[in-house]
Amino acid sequence: MTKIKKEEFYSIPNCMGYFRILLIPVFCVLYLNADTWRDYYLAAGVILVSTITDFLDGQVARRFHMITELGKFLDPLADKLTHGAVAVCLAFRYETMRYLFALMLVKEGFMAVMGIINLRHGKKLDGAKWFGKVCTGSLFILLFILVLVPDIPLLWADRLILFVIFIMAATLILYIPEFYKMIKSWAGKQQ
């Protein structure tokens with residue numbers, strides 16, 4: 001396993017990752033205490049700032065050769081924490097969101113366990129797969145819409161949530177053979 005260097009903690013992309021994590025409680029307070037459209041717009045604005053920062057930290061890291069081992073861990077962690085916090089807040093309003101959140105826990109738990117098992121044998125995924133990016137993008141769009149439009153009809157909210165549940169379940173299923181191939185490659189070398 002690669003050791004994290006001290007200077008990695010202060011790189012610009014990693015500072016953006018810390019900032020995104022700090023935005024999570026700001027969003028939660030704004031959303032859970034929202035009474036007016038303005039309040040919901042502010043909460044949606046926090047999500048938008050977090051998303052723009054996520055995009056920028058990746059661009060800065062690649063363009064200025066600031067990709068770090070800490071950043072490879074911090075960036076997806078900030079994503080998962082943000083999506084999870086927004087989903088939990090929305091679950092107070094939309095019961096169907098609770099099922100999506102439960103599936104998020106299962107998917108991310110599976111990814112974490114499989115990632116740890118494979119890392120112990122020197123293997124890791126070569127970045128996010130296209131279906132993982134589709135899942136993350138659709139989840140973001142759903143969460144943003146539900147925060148930005150709090151009076152969306154419940155029927156439409158439920159349909160959107162169920163659509164993302166389908167995408168997330170498909171993504172989980174598509175990751176299974178990816179991890180199976182990795183396990184097969186290192187298990188074959190041990191025999």
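**View 1. The second largest pocket takes the largest share of its lining, five residues, from α4.** This is a predicted model, in which local features need pLDDT of at least 70, side-chain atom pairs count only at pLDDT 80 or more, and totals for chains, interfaces and linings use all residues. Residue numbers run from 1 along each chain as its sequence is written, and side-chain values use heavy atoms, with hydrogens and water left out. A pocket here is an open set of points on a 1 Å grid over the protein atoms alone, with protein on both sides within 12 Å along at least five of seven lines; lining residues have an atom within 4 Å of a point. The volume comes out at about 200 Å³, counted as the space filled by probe spheres set on the points, which are joined across faces, edges and corners. Of the 13 lining residues, K80, H83, G84, M104 and E108 lie nearest the centre. At least two lining residues come from each of α3, α4 and α5. Helices are DSSP runs (H or I, at least four residues), numbered from the N terminus.

**View 2. A look along helix α4, residues 96–119.** With 24 residues at 1.5 Å each, α4 should span 34 Å, and its end C-alpha atoms sit 35 Å apart, which agrees; the expected span is 1.5 Å times one less than the number of residues. Its buried residues (under 20% relative accessible area, 1.4 Å probe, protein chains only) are T96, M97, L100, L103, M104, K107, M111, M114 and N118. They pack against α3 (69–91), α5 (130–148) and α6 (154–190).

**View 3. The largest cavity, with a volume of about 60 Å³.** A cavity is a set of grid points where a 1.4 Å probe fits but cannot get out. The structure holds one cavity of 30 Å³ or more. Sorted by class, the lining has seven nonpolar, two polar and one charged residues. Nonpolar covers Ala, Val, Leu, Ile, Met, Phe, Trp, Tyr, Cys and Pro; charged covers Asp, Glu, Lys and Arg; the others, Gly among them, are polar.

**View 4. H65, in the loop between α2 and α3.** H65 isn't a glycine, yet its phi is positive, at about 55 degrees. Its relative accessibility is 72%, so H65 counts as exposed, the cut-off being over 50%.

Terms used. Contact = heavy atoms within 4.5 Å.
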